[in-house]
Structures are given as C-alpha cells and as structure tokens.
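User: I'm new to this one. Please walk me through it, in short answers.

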Amino acid sequence: MADTFTFELVSPERLLVSSEARQAVIPGSDGEMTVMPDHAPVMTTINPGVVRVTDGSGTEERYVIFGGFADILPASCTVLAESAIHVDDANSEQVEGWINEAHERMEKMDSEEEKADMATYLHQLSTIKNTVIPA
Amino acid sequence: MASLKDLKNRISSVKSTQKITRAMQMVAAAKLRKAQEAAEAARPYSERMGAVLANIAGSLGGDDDAPKLMTGTGKDDTHLLVVCTAERGLCGGFNAQIVRRARRDLEALMAEGKTVKIICVGKKGHDMLRREFGKQILERVDLREVKQIGFSDADGIGKKIIGLFEEGEFDVCTLYYSEFKNVMTQTPTGQRIIPAAVEPESGDASDEPKRENGEDPLRGAIYEYEPDAGSILGDLIPRNISVQIFHALLENAAGEMGAKMTAMDNATRNAGEMIDDLSVQYNRQRQAQITTELTEIISGAEAL
C-alpha cells in the first residue's frame, strides 16, 4: 500500500497545491473527514473551514477554504474550493469582513430558513476566525 | 499645397500620436502576459470541474430529479444572451466581432419568433447593442473598476443569471465571448450555459489531461456521495456556470489585450509610414523653395 496520495487544492484563480500527502483533513458538509491513501471513492461538498494537509515528511500545512467540493479517489484527492488561501496569508480583517458581510446579508433576508442557513454560515466563519487568529 | 510650417506641424503631431500608440502597445503586451497567466492558472479548476461534473452526470443518468439548470425548462421560448465584451475600445475589431456574432444569433432567434433578452457585460457591447435592442437589455454589468478579474466578479454575474432563471425569466442562456487563440486571432464564440451542456463521460477525454485517464483506472468508479448525488449536482451546476463565465471573462481579457496589441502595432506602423511620406513631402518642398530662391538670386544677378 502506498503511504502517500496526490493531494490537489484548486481555486478558480489558480492551483494552490499539488503534492504528495500522507493525510488530509477536509471539512466535509457531513462532518470533518480525514483522507488517507486508498480511501474509497467519495465525492463530497465542503463547508467553509480549514484543510489540514500532512505531507510525506510529516509537516502539516493549513489552508482556509471557502465552500466547494472534494473528489476523493484511492490515489488522489482533489479539493475544488470556491476560494482558498494559506493560513499564513489569511488575516483577521479579511475574516471580519466576511463576517460583517454575512451579517448584512442576514438582516436583509426574510424567510427563517434562509436565516438559519446564514447562521450556520456565520458559525463556520467564526470557526475559521478562531483558527486563523492565534488566540 | 500645404506650407512648410503646416507640414512640420503635421509631422510633429503624427510623431506624438505614434509615441502614444507605441506606449499603448507596450502596456497591452505587459497586460496580455498577465491576462494569459491568469487564464492559464484558472484552467486546472475548470478542467477538474468538467471532469467531476461529467462523472456525476454520468452516474445520475437521465434521472428525473436532475436539477432544472441542467435539463432546462423543456421550452426554448425565451433566450437570454450574455454578451461579454471589453470595457475599453482601441482594440481593433475585437468588440465588434463579438457583437456581430451575438447579433447574428439574436436576429435568427427573433426571426423564429422567440423572445430574446440580453445582459451586457462590458461597456462596449452595451454601447453597440443599446441603440437597436435597448429594450431587450435587462442589465449591464460594469467591470470598469476591476483591474484583475476575480472569481467573485464572475460569481456575481452567475448568481444574477441563476436568479433570473429561477424566476422563469428565460429558458435558454447563451454566453458570448471571444476565445483567445493567439495574439493575432480571437474567435468570437457562443456557448450555451443553461441548460448545462454536460458532455457524457467519454466525450470529455480530449479536454482532460491524459495522465488522468492513464493513471486512474477508477475514474468512473462508483462514488459515495456526501450528502447525495442530487444535492452535490445542485451545488455544482450553479458553480459551474460561474466557472464558465469566469473562463469567458478571462479569455476575453486576454483577447482584448491581444487585439489591442495588434491594433496598436498597426497604428504605430501606419504612423511611421505617414511620417516618412510627410518627411519626403517636406524635404521636396524645402528643396523646391531653395531652388526657387536660387533661381531668383541668379536671375537677379544676371539682370545687373
């Protein structure tokens, strides 16, 4: 059994990562999941959150990603994110900006359902915020 | 006959025009490189997206619960044309080409008695279509302030289109933009985005990198879907529309710069030719004047 698989993180603007990884933790919409080599083929949508990738030498890289989906095959894992940045490049103001925007959008919404969706989204954002900003 | 002074003025004015066009050409060349890089960088995403979409669509087959965005409304009475052009002129026939392509389809559709609505992305297309089809233009998207087109710009347009679709404003949506072949050639293209033209799995092999076919015997394997295939597809298709618009905008940006570069190169060359012609004329006239003066002096001396 191979102990690494090809991990790719792609955003519409560019290809962020294409490397061999030992494991990757992905914030799937049905809960966080860890992908390891020889994973069963899964296709899942992704919630906004943090992807953690461990490469062959054991170093962990973290990326903030924004929605999208993951295509997981035994030998590869491709994350197609709506937008993605490395944790080191993300800053608190940006996340604050997203949160404020989300708040504004929520106020304009009428239906309870939409509001609930937005609340979930806000919750995810604050999770990101806590990860990005070292407490 | 223009006087010497007039000629001199004209030469200097053409020279300064040439300076401007040359500067514009160089700016366009620099921007073109950037735009090409952006288009290049965006390619992996749309490729993967296409592959994944084909995969899911294949596994869903002709299911009835496939989203409307993919199957269409079952009618084709109302068409929405999204015409993407540049924000600025001075790029040869670039904008006119796209508009001509769109207008041809537009007229054909109207002749068939269909209702046609238009969304203009970019100022130039709007300017050209406004006079004739002003009433049919639903909206004009302004990207003038945008320096580097980001996915969010495309996403905004995509969401707008999907919103209109859900309100039943149109049945078929076609995207018009210019495909960037190389610096010299941009081909205006019409691409149907709603209902999504998802190719069957075998059909997309040519677009996909070969390595995926070779290395990946499991492509087309039975996937597990989280949450389920239908809702993933429902999530994917709107995103795919945005991706296609993004792709179109990037192609357009590269094409615009390519066209501008060529146009400005031509303009610079034309200005050069004009300067040469004018200089010849100027020198001749000056020579003629000297000769006249000489003749006058000589005949004056002879008369003494």
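User: Where is Y176(B) placed?
Analyst: Y176(B) is in strand β4 of chain B, which covers residues 172-180. Helices (H or I, at least four residues) and strands (E, at least two) are DSSP runs, numbered from the N terminus.

User: What should I know about the model and the numbering?
Analyst: This is a predicted model: local features need pLDDT of at least 70, side-chain atom pairs count only at pLDDT 80 or more, and totals for chains, interfaces and linings use all residues. Residues are numbered from 1 along each chain as its sequence is written, while chains are lettered from A and ligands numbered from 1 in the order in which they are written.

User: Back to Y176(B): buried or exposed?
Analyst: Y176(B) counts as buried because it has 26 C-beta neighbours inside 10 Å. A residue is buried if 20 or more other C-beta atoms lie within 10 Å of its own, exposed if 12 or fewer, and partly exposed in between; C-beta atoms are placed from the backbone.

User: Which residues does Y176(B) touch?
Analyst: Leaving out residues up to four places away in sequence, the partners of Y176(B) include L81(B), V83(B), I98(B), R101(B) and P188(B). Contact means that the C-beta atoms, placed from the backbone, lie within 7 Å.

User: New topic. What is chain A built from?
Analyst: Chain A has two helices and seven strands. From the N terminus on, the order is β-β-β-β-β-β-β-α-α. Its radius of gyration is 16 Å, close to the 14 Å that the globule rule gives for 135 residues, so chain A is as compact as a globular protein of that length. That radius is taken over C-alpha atoms, and the rule is 2.2 Å times the number of residues to the power 0.38.

User: What box does chain A fill?
Analyst: Along the principal axes, the C-alpha atoms of chain A fill roughly 50 × 30 × 25 Å. Buried residues make up 32% of its 135 residues.

User: Which domains is chain A divided into?
Analyst: Domain 1 runs over 5-88 and domain 2 over 91-132. The bounds come from an automatic or database domain assignment. The domain centres, taken over C-alpha atoms, are separated by 23 Å. Six residues from domain 1 of chain A and six residues from domain 2 of chain A take part in the contact.

User: What about β7(A), how many of its residues are buried?
Analyst: Eight of the eleven residues of β7(A), residues 76-86, are buried, so the strand is mostly covered.

User: Which way does β6(A) pair with β7(A), parallel or antiparallel?
Analyst: Antiparallel, over ten bridges, with β6(A) covering residues 60-73. Strands pair if DSSP finds at least two bridges between them. β6(A) and β7(A) form a hairpin with two residues between them. Strand β1 of chain A, residues 5-10, runs parallel to β7(A) and is joined to it by five bridges. V79(A) is the bridge partner of L9(A), and V79(A) is also the bridge partner of A70(A).

User: And α1(A), how many of its residues are buried?
Analyst: Zero of its 17 residues, so α1(A) is hardly covered. The helix covers residues 92-108 and its end C-alpha atoms are 25 Å apart, which agrees with the 24 Å that it should span at 1.5 Å a residue. The expected span is 1.5 Å times one less than the number of residues.

User: How many residues of chain B are in contact with chain A?
Analyst: 24 residues of chain B are in contact with 22 residues of chain A. α1(B) gives the most to the chain B side, with eight residues. By class, that side has 18 nonpolar, one polar and five charged residues. Ala, Val, Leu, Ile, Met, Phe, Trp, Tyr, Cys and Pro count as nonpolar, Asp, Glu, Lys and Arg as charged, and the others, Gly among them, as polar.

User: Which strand of chain A pairs with β6(B)?
Analyst: Strand β4 of chain A, residues 42-46, pairs with β6(B) in the parallel sense over three bridges. M43(A) has Y225(B) as its bridge partner there.

User: Last one: what stands out in the backbone at D38(A)?
Analyst: D38(A) has a positive phi of about 65°, although it is not a glycine. D38(A) sits in the loop between β3 and β4 of chain A. D38(A) is exposed, with 12 other C-beta atoms within 10 Å. In chain B, a cis peptide bond joins I194(B) and P195(B), with omega about -5°.

How values were computed
Two residues are in contact if their C-beta atoms, placed from the backbone, lie within 7 Å.
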